[in-house]
Amino acid sequence: MAKITLGGNPIQISGNLPNIGDNAVDFTLRTTALKEKSLSDYLGKTILLNIFPSVDTSVCAKSVRVFNKKASEIDHCVVLCISKDLPFAQARFCGAEGIDNVEMLSDFETGSFGEDYGVTIKDSNFKGLHARTIIIIDRNGKIKYTEQVAEIGNEPNYEAALKAM
């Protein structure tokens, strides 16, 4: 299990990230329009999962903005921004920020995505939310890249993730 911190204090997460080369675990999440989307909806493209606690925090919001800008420059890819925020909050953020090159998906309904991918925070004030993580899935559904951000308040390594695309 990864060792991560929140404000410098150790926190526990639900498990380990998938291994490079593993098949990505299927998921069903809700869009901002409350429609279901699954991994199979995106196969055939390279998928970047930008996983974070809440779009209502500055670092999470910044990661969505950065990937929104960069996603339009990469062919045959999709960026999925995943949190447990309600779809209404995700839609409000995207509307206010002009976000239209990434897809927001919510794990609010079951939390199974966070458990399956090992990113659910198990303690602290963020208990139940997702740890900041980047996962890239190739066109065939295999895990290609992972980054577990060691301090929740830090940004992911954007350049390394984009290079892995």
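A salt bridge here is a side-chain nitrogen of Lys or Arg within 4 Å of a carboxyl oxygen of Asp or Glu.

## Ground rules

This is a predicted model, where local features need pLDDT of at least 70 and side-chain atom pairs count only at pLDDT 80 or more, while totals for chains, interfaces and linings use all residues. Residues are numbered from 1 along each chain as its sequence is written, and side-chain values use heavy atoms, with hydrogens and water left out.

## Salt bridges

The structure has six salt bridges. In one of them, Arg30 pairs with Glu36 at 3.4 Å, N to O. Arg30 is buried at 18% relative accessible area, whereas Glu36 is exposed at 51% (buried is under 20%, exposed over 50%, partly exposed in between, using a 1.4 Å probe and protein chains only).

Arg65 and Glu97 also meet, at 2.8 Å, N to O. That pair ties helix α1 to helix α2 across 32 residues (helices are DSSP runs of H or I, at least four residues, and strands are E runs of at least two, numbered from the N terminus). Both ends are partly exposed, Arg65 at 35% and Glu97 at 34%. Elsewhere, shared partners join Arg30, Glu36 and Glu109 into one network.

## Nonpolar cores

A nonpolar core is a set of buried Ala, Val, Leu, Ile, Met, Phe, Trp, Tyr and Cys residues joined through side-chain atoms within 4.5 Å. The largest has 25 residues, and Leu48, Val64, Phe67, Val102 and Ile136 touch the most other members. A second, separate core holds 19 residues, including Phe113 and Tyr117.
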